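Subject: Structure handover

Hi,

Here is the structure I promised to pass on. My notes on it follow below, with the cut-offs spelled out as they come up.

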Amino acid sequence: RRHVLEASQQLTEIINSETNTETPEPSGEAEPAEEEESALHCLWVDRFTPRRYVELLSDDYTNRCLLKWLKLWDMVVFGKEKVVKKAKPSTEAHPPFHQPKEQQNKWKTKVQLTEEILEAELDQHKRPKYKVALLCGPPGLGKTTLAHVIANHAGYNAVEMNASDDRSPDVFKTRIEAATQMKSVLGANEKPNCLIIDEIDGAPAASINVLLNIINRKDVEGEAVAGAGRRRRREGGLLLRPIICICNDQ
């Protein structure tokens, strides 16, 4: 073993000496070398972070639920119609074990209940019933990575803000409205924003109330009094973009 280690050390020194004595590369290939060098010096959590949905190692059930909820916004954000799955005729004609309806509802699994919640009817503005998703769990679980990957996978531009950094409710409100109402300018391929609020459990109660007011805003149309309409426009428009909140302590 000692002889093998010594031989490998000598071979390494020879390779390094030959590499150092080689002539420098032309200027045209300097950029890839710089990128490789920066990749070598970056943190492993950044270098090997998942970039696509299939690379996620987190709980597959949670990943699918979040993606399905985000796709419910397609009608109001992208103008895509919601795809409705047709039930199989065999299951309708022959329910399992011929159980009564009440008993079938009683023994639904967690997956079935969540699927029903996510399949709930959209509101009058074609938005999902639940406007905000909350990811909770201990640090290092991959919550922020999941939110970014899912947002990119669904065609959004992920905009992240830290709730514990913006302690002022006015600043908090301004940042939320800027992310949910303004478009991201990315040339011809501009994408709608998906707001990711990290450390929402560190935000003060006033900031949480600001977020709730933005979520529960009603439409300006249908206001009977002109003054109320002007006041509503001054407060801001209807929430038309998804928001994903992340916390450690639910």
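Two strands are taken to pair if DSSP finds at least two bridges between them. Helices (H or I, at least four residues) and strands (E, at least two) are DSSP runs, numbered from the N terminus. This is a predicted model, in which local features need pLDDT of at least 70 and side-chain atom pairs count only at pLDDT 80 or more, while totals for chains, interfaces and linings use all residues. Residues are numbered from 1 along each chain as its sequence is written, and side-chain values use heavy atoms, with hydrogens and water left out.

First, the overall picture. The protein chain has twelve helices and four strands. Of its 250 residues, 27% are buried (under 20% relative accessible area; exposed is over 50%, partly exposed in between, with a 1.4 Å probe and protein chains only). Contact means heavy atoms within 4.5 Å. Among contacts between residues at least 6 apart in sequence, 77% join residues at least 24 apart.

The four strands form an open sheet with parallel pairing, in the order 1-4-3-2. Strand 1 (132-136) and strand 2 (157-162) are at the edges with a single partner strand each, so one side of each has no neighbour in the sheet. On average, neighbouring strands of this sheet are turned by 20 degrees against each other, direction ignored. (Axes are lines fitted to C-alpha atoms, for helices over the stretch in contact, and angles run from 0 to 180 degrees between N-to-C directions.)

Strand 2 pairs with strand 3 (residues 193-198) in the parallel sense over six bridges, and Asn-157 has Asn-193 of strand 3 as its bridge partner. Strand 1 has Ala-133 and Leu-135 on its covered face, and Val-132, Leu-134 and Cys-136 on the uncovered one.

Next, the helices around the sheet. Helix 10 (residues 169-181) lies across strand 2, strand 3 and strand 4 (243-247), at about 150 degrees to strand 3. Helix 10 also packs with helix 11 (residues 205-215) at an angle of about 35 degrees, their axes being 9 Å apart. The residues making this contact include Phe-172 and Ile-176 of helix 10 and Val-210 and Leu-211 of helix 11.

Which residues of helix 11 are buried? They are Ser-207, Val-210, Leu-211, Ile-214 and Ile-215. Because they cover an arc of only 135 degrees around the axis, they sit on the same side of helix 11 (the arc is that of the directions from the helix axis to the C-beta atoms). These buried residues pack against strand 1, helix 10, strand 3 and strand 4. The face turned away from the buried side of helix 11 carries the exposed residues Ala-205 and Asn-213.

Helix 9 (residues 143-153) has Leu-146, Val-149 and Ile-150 among its buried residues. The buried residues of helix 9 pack against helix 4 (60-71) and each of strand 1, strand 2, strand 3 and strand 4. After helix 9 comes Gly-155, with a positive phi near 95 degrees.

Leu-57 counts as exposed because its relative accessibility is 84%. From C-alpha to C-alpha, Leu-57 and Leu-146 are 9.3 Å apart in space, and they are 89 residues apart in sequence.

Best wishes
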